[in-house]
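Here's a quick briefing to read alongside the model. Have the viewer open and follow along topic by topic.

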Amino acid sequence: MKPKENGPVLTRRQHLVGMAGGLAMGALPSMAWAATDETPLRDLAAQKGILFGTAINAGRGSPINEPAHAAIVTRECGVLVPENEMKVYVLGNDPEHLNFAPADRIAGFARDHRLKLRGHTLLWNYDKYISPALAERVRSTGAEKWLRAYIAKVAGHFGDQIYSWDVVNETIDPKTGQVRGTVFDQALGFDIFKIGYEAAREHAPHAQRVYNDYMSWEVGNEAHRAGVLRLLERFRKENVPVDALGIQSHLGNDGSHSRIQRAEWKRFLDAVTAMGYRLLITEFDINDREMPRDVARRDAQTAAVARDYLDMMLTYPQLDQLLCWGLWDKHSWLNGFAPRADGLPQRPLPYDDALKPKPLRAAIADALRAAPVRKGIA
């Protein structure tokens with residue numbers, strides 16, 4: 001059954017008014033909203049050569065276990081990505097004895113519903129997520145030997161089902177702009193990236209190879225953007241086989257929605273695409289911790305932020321994938337990662353706790369309608 005769309009939709013005039021003054025928090029009035037279209041987001045995206053999808057998990061709140069959630073996901077999406085089930089701390093440290101069961105549940109759900117599947121991630125090069133046990137195994141095995149064996153097992157397990165892999169995730173320190181000093185790059189330096197991407201090419205030759213990170217367009221992301229750009233430049237200089245930059249797009253996590261560096265962000269994107277990289281929005285959501293308590297005002301501001309961002313991003317023909325980091329507010333990671341000071345739950349995703357579409361869903365739809373057509377993979 002199609003969910004009835006009863007969320008608000010900003011008129012173009014209201015949207016432009018909201019944009020004035022740099023999206024100052026509290027600037028948007030409470031307003032009536034009306035549904036205009038129930039066309040699935042994946043269809044709106046496909047019309048423009050774009051893949052639309054979402055992250056899901058295999059546990060609490062998963063569409064695998066919740067029929068109402070499954071109905072939304074399978075209607076709206078053309079592609080899925082596991083939130084955590086393909087990460088090393090779920091799969092395990094020993095390449096010879098990996099726990100694929102949770103990821104296989106998601107892969108099976110995707111296959112059963114004829115949805116594409118992204119892989120996330122083969123190397124999360126961030127000390128915070130490298131356990132002492134993993135670090136010890138890498139040291140005892142040897143970083144290169146461990147990584148080649150791990151990628152061979154993981155990429156080989158999923159085979160052709162995964163069309164795009166986040167091969168390396170979050171290797172740039174946002175404060176310094178330098179590569180994080182993990183057990184991997186301490187052992188091998190820059191060669192760890194060559195090894196990782198070459199192994200991905202060997203064991204998943206059909207799949208797009210992505211570098212994924214969370215640099216964003218708000219004030220405070222300058223060093224992070226510069227560091228990612230240097231990394232991408234070096235990839236090209238040293239012929240590392242990287243196809244695309246995954247831009248997570250957790251808007252508002254590392255800066256304020258009211259302090260956007262639009263010109264600087266465009267220069268960053270222009271530099272990335274000038275090197276021949278494709279672009280993906282891989283983990284889209286909107287942190288609303290600085291927005292009002294009032295739900296209508298908060299949803300209006302979230303929708304305006306989304307439309308502003310997506311209108312800019314979708315002008316790039318190199319961007320042909322848009323994935324939300326969940327569709328359902330109730331189980332968003334942001335409620336644990338960045339709780340609101342007033343104790344209210346965050347509303348960062350297109351559907352509310354009752355699985356009703358919100359203004360954010362309408363903003364995404366409008367941005368897709370306005371996007372130029374490109375030759376994508378949708």
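**Aromatic pairs, a buried helix and some salt bridges**

Trp 146 and Tyr 150 are both buried. This is a predicted model, and a search through the whole of it turns up 15 aromatic pairs. Trp 146 and Tyr 150 make one of them, a stacked pair with 4.7 Å centre to centre and 10 degrees between the planes.

**Around Trp 146**

- Why do Trp 146 and Tyr 150 sit about one helical turn apart? They are four residues apart in helix 7, which covers residues 143–158.
- As a general point, an α-helix has 3.6 residues a turn, so residues three or four places apart point the same way.
- Trp 146 also pairs with Phe 184, and this aromatic pair is tilted, at 5.7 Å centre to centre and 50 degrees between the planes.
- Trp 146 counts as buried because its relative accessibility is 2%, and the cut-off for buried is under 20%.
- Phe 184 is buried too, with a relative accessible area of 1%.

**Other rings**

- One aromatic cluster is made up of Phe 190, Phe 193, Tyr 197, Tyr 211 and Phe 235.
- Over the ring of Tyr 126 you'll find the charged end of Arg 180, 3.5 Å from the ring's centre.
- Tyr 277 has Arg 236 lying over its face, at 3.7 Å from the ring centre.

**Helix 14**

- Helix 14 runs over residues 359–370, and at 1.5 Å a residue its 12 residues should span 16 Å. The C-alpha atoms at its ends are 16 Å apart, so the model agrees with that expectation.
- How many residues of helix 14 are buried? The count is 10 of its 12, so the helix is mostly covered, with buried meaning under 20% relative accessible area.
- The buried residues include Pro 359, Leu 360, Arg 361 and Asp 366.
- What do the buried residues of helix 14 pack against? Their neighbours are helix 2 (41–46), strand 1 (51–56), helix 3 (67–76), strand 8 (278–286), helix 12 (295–313) and strand 9 (319–324).

**Helix 3**

- Helix 3 is largely enclosed by the rest of the structure, because seven of its 10 residues are buried.
- Those buried residues are His 69, Ala 70, Ile 72, Val 73, Thr 74, Arg 75 and Glu 76.
- Helix 2, strand 1, strand 2 (79–82), helix 5 (101–112) and helix 14 are included in what covers them.

**Ser 62**

- Look for Ser 62 in the loop between strand 1 and helix 3.
- Is Ser 62 buried or exposed? Its relative accessibility is 0%, so Ser 62 counts as buried.
- A polar atom of the Ser 62 side chain lies 3.0 Å from the backbone nitrogen of Ile 64.
- Setting aside neighbours within four places in sequence, Ser 62 is in contact with Asn 57 and His 69.

**Salt bridges**

- The structure holds 21 salt bridges.
- Glu 76 forms one with Arg 75, where the closest N and O atoms are 3.5 Å apart. Glu 76 and Arg 75 are both buried.
- Glu 76 forms a salt bridge with Arg 361 as well, with the closest N and O atoms 2.9 Å apart.
- Since Glu 76 lies in helix 3 and Arg 361 in helix 14, this pair ties together parts that are 285 residues apart in sequence.
- Glu 76 is buried at a relative accessible area of 0%, and Arg 361 is buried at 0%.
- Lys 153 forms a salt bridge with Glu 96, and here the closest N and O atoms are 3.7 Å apart.
- The pair links distant parts of the chain, with Lys 153 in helix 7 and Glu 96 in the loop between helix 4 (88–91) and helix 5, 57 residues apart.
- Lys 153 is partly exposed, with a relative accessible area of 38%, whereas Glu 96 counts as exposed at 52% relative accessibility.

Definitions and conventions. Residues are numbered from 1 along each chain as its sequence is written. This is a predicted model: local features need pLDDT of at least 70, side-chain atom pairs count only at pLDDT 80 or more; totals for chains, interfaces and linings use all residues. Side-chain values use heavy atoms; hydrogens and water are left out. Rings of Phe, Tyr and Trp (its six-membered ring) pair if their centres lie within 6.5 Å; planes under 30 degrees apart count as stacked, over 60 as edge-to-face and the rest as tilted. Helices (H or I, at least four residues) and strands (E, at least two) are DSSP runs, numbered from the N terminus. Buried means under 20% relative accessible area, exposed over 50%, partly exposed in between (1.4 Å probe, protein chains only). A charge sits over a ring if NZ of Lys or CZ of Arg is within 6 Å of the ring centre and within 35 degrees of the ring normal. The expected span of a helix is 1.5 Å times one less than its number of residues. Contact means heavy atoms within 4.5 Å. A polar contact is a pair of N or O atoms within 3.5 Å; within protein, one must be able to donate a hydrogen and the other to accept it, and residues adjacent in sequence count only if both atoms are side-chain atoms. A salt bridge is a side-chain nitrogen of Lys or Arg within 4 Å of a carboxyl oxygen of Asp or Glu.
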